[in-house]
Amino acid sequence: MLQRPRRNRQSAVIRSMVEETRLSVKDMMFPLFVMEGQNTQTEISSMPGIYRFTLDLLLSEIESCVKLGIQSFALFPQIPESKKDSMATESYKKGNIYTESIYEISQRFPEISLLTDVAMDPYSSDGHDGIVKEGQILNDETLPVLAKMAIAQAQAGSKLIGPSDMMDGRVGHLRQALDDAGYSQVGIMAYTAKYASAFYGPFRDALESAPKFGDKKSYQMNPANRREALIEAELDEIEGADFLMVKPALAYLDIIALLKENSHLPIAAYNVSGEYAMVKAAAQNGWIDGEKAMLESLLSIKRAGAQVILTYFAKEFAQLKLA
């Protein structure tokens, strides 16, 4: 007998009934950028529609997003060059812009989920995620700096940290440090499979955090490697991670699916700045339908297995009122 799969595609209602993957604003985490100053927002030229905010305006932006149904946010700081040094000491100084922002957001919006970033590069005069000595990125020497940073964020009110540095052993080190400091309730969303990607450029523009020399290939993963992600995932699970993340998302859908198949932990995926910028640039040139491309891209990430999608499209998606 001839099979006719098209019978289940013949109307919008039937297609909706049988669709296997559905997007919701609840799937999404919206990355935000905070900077020093007052009453200022600046658009990131390589990321149309995305801004850096001073804290007063950031609070207003979060309020508008919450009204749209966005419940999860990721926060990243732009630190002035004058406050950067080789040991990233600004990252755990009392009252810095980042911890002040975490505190104010946590007080104003206790109902949301806020992922805070643990990495040296926004605060480092070298622009790397670890301590640099004679051109080498030092792994074990970096871990205590990350621990100070994580504890400072927890003290400010963070309930979920995201170590994005890719140093070996950092999840276990941070878990122990947080527990010892009395913050066993703080979760860890590990950047498990973070690849040395060409798609990070606009993000580095936003934070002005590009490496001052070399690249990050000695600690971020080789884009050619798939099975290595399983090694990283197993280590993060053993060390106490609560989520596993794949970054970037679109060029690594197979890695998202791989971790989903091999772990019982929730899988997050970061739809990164370069992926966002490509869609926006093509849409502005009239080469593609930007809204449809956005929806198809986000759907592919969820279909691959991501339960949490960090995406700069979150607000735009929420404004469509589809979920």
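Residues 24 or more positions apart account for 75% of the contacts in the chain with a separation of 6 or more, a contact being heavy atoms within 4.5 Å. The model is predicted, so that local features need pLDDT of at least 70 and side-chain atom pairs count only at pLDDT 80 or more, while totals for chains, interfaces and linings use all residues. Residues are numbered from 1 along each chain as its sequence is written, and side-chain values use heavy atoms, with hydrogens and water left out.

Of the 323 residues of the chain, 54% count as buried, which is to say under 20% relative accessible area, where exposed is over 50% and partly exposed lies in between (1.4 Å probe, protein chains only). The C-alpha atoms fill a box of roughly 70 × 45 × 40 Å along the principal axes.

The chain holds 11 helices and 12 strands, these being DSSP runs numbered from the N terminus (helices H or I, at least four residues; strands E, at least two). Two strands pair if DSSP finds at least two bridges between them, and strand E3 (residues 51–54) takes part in the pairings below.

| Strand paired with E3 | Sense | Bridges |
|---|---|---|
| E1 (residues 28–35) | parallel | 3 bridges |
| E2 (residues 41–43) | antiparallel | 3 bridges |

Within E3, phenylalanine 53 stands opposite valine 34, and phenylalanine 53 is also the bridge partner of glutamine 41.

Valine 18 lies in helix H1 (residues 12–18) and is partly exposed, with a relative accessible area of 43%.
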